[in-house]
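Hello,

Here is the structure I promised to pass on to you. Have a look at it first, and my notes follow below.

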Amino acid sequence: MTAPTLPDNLPPSPRRVYDAARALGLDIAVHLMDQSTRTAEEAAAACGCKVAQIVKSLVFRGQRSGKSFLFLVAGDNRLDDTLAAALIGETLERPDGRFVRETTGFAIGGIPPFGHASPLQTIMDEDLLAHDLVWAAAGAPNAVFPIAPDELRAATNARVARLAAAKA
Ligand code: 5CA
């Protein structure tokens, strides 16, 4: 694994995530990887961690309210639509990449868990709390950072819930 990149050497999008973390009282170590971290599997390979320790940041939109929600899902879990809709209280739809970019300020594959263009109500997968450290995207498809799951929960003010149906 590469060493973390010094903040002053970060490209603009990862730098915005670093600055957002600082504003939340967190000093995160952003790693710019030589290989892709666009998917949870790729990120786990690059970080040398389990796929379960990768945080997927998935944006959904309420069909009735039009409001956007952020689900932080463990890399090896599939967000269960029925559980998610029950938590939010309305049917959810998956917006296209353009909407996600406008809402968060980042492109799919590098959506960070905080630092978005507009704040998003956030729900966090309880399975992420099983680890000492998890890795989340830092604004680019080769940028990631490690964080303790309880710090991630506090930084995003997330509600913790079961988001995946039982594993087979
Ligand atoms: N950097 C990695 C690990 S931190 C990452 O961002 N993973 S992710 O799961 O949070 O982001 C990829 C996710 O974006 C996919 O799981 C998928 O749900 C979503 N996605 C991919 N393509 C599209 C698309 N065209 N429109 C909406 N969502 C998409």
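How many helices and strands does the protein have? There are 5 helices and 8 strands. Please keep in mind that this is a predicted model. Starting from the N terminus, the elements follow the order α-β-α-β-β-α-β-α-β-β-β-α-β.

Now for the overall shape. The radius of gyration is 15 Å, which agrees with the value near 15 Å that a compact globule of 168 residues would have. The C-alpha trace spans about 45 × 35 × 25 Å along its principal axes. Of the 168 residues, 49% count as buried. Among contacts with a separation of 6 or more, 63% are between residues 24 or more positions apart.

As for charge, you will find 17 positive and 19 negative side chains, with the centres of the two sets 5 Å apart.

Gln53 sits in the loop between helix H2 (40-47) and strand S2 (54-62). Gln53 counts as buried because its relative accessibility is 15%. Leaving out residues up to four places away in sequence, Gln53 touches His131, Leu133, Val134 and Trp135.

Ala117 belongs to the loop between helix H4 (97-104) and strand S5 (121-125). With 57% relative accessibility, Ala117 counts as exposed. Beyond its neighbours within four places in sequence, Ala117 is in contact with Glu102, Thr103, Thr104 and Gly105. The C-alpha atoms of Ala117 and Ala164 are 27 Å apart, and the two residues are 47 residues apart along the chain.

Enjoy exploring!

Best wishes

Conventions
Residues are numbered from 1 along each chain as its sequence is written. This is a predicted model: local features need pLDDT of at least 70, side-chain atom pairs count only at pLDDT 80 or more; totals for chains, interfaces and linings use all residues. Side-chain values use heavy atoms; hydrogens and water are left out. Helices (H or I, at least four residues) and strands (E, at least two) are DSSP runs, numbered from the N terminus. Buried means under 20% relative accessible area, exposed over 50%, partly exposed in between (1.4 Å probe, protein chains only). Contact means heavy atoms within 4.5 Å. The radius of gyration is taken over C-alpha atoms; the globule rule is 2.2 Å times the number of residues to the power 0.38. Lys and Arg count as positive and Asp and Glu as negative; His and the chain ends are not counted. The place of a charge is taken as NZ of Lys, CZ of Arg, CG of Asp or CD of Glu.
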